[in-house]
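Hello,

Here is the structure I said I would pass on.

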Amino acid sequence: MGEKIIEEAKKVNLTELFYDLVFVFGISKITHVLESLDKGIFSWKEIIIYIVVFVCFINVWNVQTVYMNRYGKHNLLHIISMTVFQMPALVFMAANVSSDMEESWTAFTLALLWIAVIQFLQYIYAYTQNKNSEKDRKLIFDFQKLLFIRLIGIISSLFLSGIGRILLTGFGFILSILGASFFRKDMARVPINMPHLIERLTLLTIITLGEMLIAAADFFEIEKFSFYSVIIMLQVVALFLFYITEFDHAIEENLPCQSGAGLTYNHYFVWFGLNLCTIDLDYANDAMGIAREIMMFLGLFLFYLGVFNNAHLNKKSHKLDKKLMIPFVLVYLLGLGSSFIFQSNVPVITVLCTLTIILETVLFVSFVVRRFPKEIQEEMICP
């Protein structure tokens, strides 16, 4: 008998959407951790806090999403677990995110520990509910190992002080994330529901883009509004179009026996990339100097890397080729190089960044559209 194939999409329930609201708040707070950028300074302490806190929030969301995908149901037990037990702790964590968290890290860590315990208990519950499936129990036990590593990292960090405990917390989370790669075969034996996972990942991406939109909206205040306000808005729109072209049109949702791990891993790059672009907009000023180019083009690199790394899941007709990738890389390098040349001129840099993003989007969208039959092309462009 062949491996299990997911035949129909699992519906994203309202509790999951409500749960996401906390991450709207959390991502907004995380974006403002790098306060020193306002003066054009890179603070290593702020960078460490930013990365660790971002990874913590995203991993909590990811663990809950994967659990709901495979084993969760929209019943009272899971509603209470997500809303009553987890969301207050997540709000507490988000409310206390700042550029100077060394003193408040213990409180942040205790809230994080509470959520980690709840998620660990969810998998214990799932283990008891899958007594007749050896494949499921094996996979659940794998996840329990990863969550236990995360728990050990969180608890151990409570005994340290200063930046060391923040680093240890981050190390525990990163170790548990990377550890999932050792269990891909077990994950593929209990396939992820791809349509549900893609919808959940795209929703969090939209939330991340929403924070970028808020940063762009600041330039639409009457005293700041100008031609460059529209240019900045075009960056957000173009990145959105690029993303949905891949995940709404090019990707094949009904592939059998998918673990979902790679798709999720690659979205870490997507989210980090978009958030760095948002930070660039938030702290856009003359003092940032070369920091602007570093933030924006590093963000774009991570975003494009995260999207293209999923191309192996594309429809056969939409596999990437040299005709797309060579001009794509050249446009990126040209945009990067020209931005460094004009680094002292903020308006010019803004236009160059926007042109780079728009050209990359045009290249990719046209590549995807051309590979559909003519009748589908017409429906996509003008139904």
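**Salt bridges**

Aspartate 218 has a relative accessible area of 30%, so this residue counts as partly exposed. Its side chain meets that of lysine 224 in a salt bridge, with N and O 2.7 Å apart. Lysine 224 is partly exposed too, at 39% relative accessibility. Please keep in mind that the model is predicted.

As background, side chains of opposite charge can pair when their charged atoms come close. The structure holds 8 salt bridges in total, and a few others are described below.

Which residue forms a salt bridge with aspartate 100? The partner is lysine 45, and the closest N and O atoms lie 3.4 Å apart. This pair links distant parts of the chain: lysine 45 sits in helix α2 (residues 44-70), while aspartate 100 is in the loop between α3 (76-95) and α4 (105-129), 55 residues away. Aspartate 100 has a relative accessibility of 46% and is therefore partly exposed. Lysine 45, with a relative accessible area of 30%, is also partly exposed.

Lysine 45 also meets the side chain of glutamate 102 in a salt bridge, at 3.8 Å from N to O. Here again distant parts of the chain are linked, since glutamate 102 belongs to the loop between α3 and α4 and lysine 45 to helix α2, 57 residues apart. Glutamate 102 has 21% relative accessibility; buried means under 20%, so glutamate 102 counts as partly exposed.

Finally, a network of salt bridges links Glu16, Asp20 and Arg200.

Regards

Terms used
Residues numbered from 1 in each chain as written. Predicted model: local features only at pLDDT ≥ 70, side-chain atom pairs only at ≥ 80, totals over all residues. Heavy atoms only, no water. Salt bridge = Lys/Arg side-chain N within 4 Å of Asp/Glu carboxyl O. Helix = DSSP H or I, 4+ residues; strand = E, 2+ residues; numbered from the N terminus. Buried < 20%, exposed > 50% of the residue type's maximum accessible area, 1.4 Å probe, protein only.
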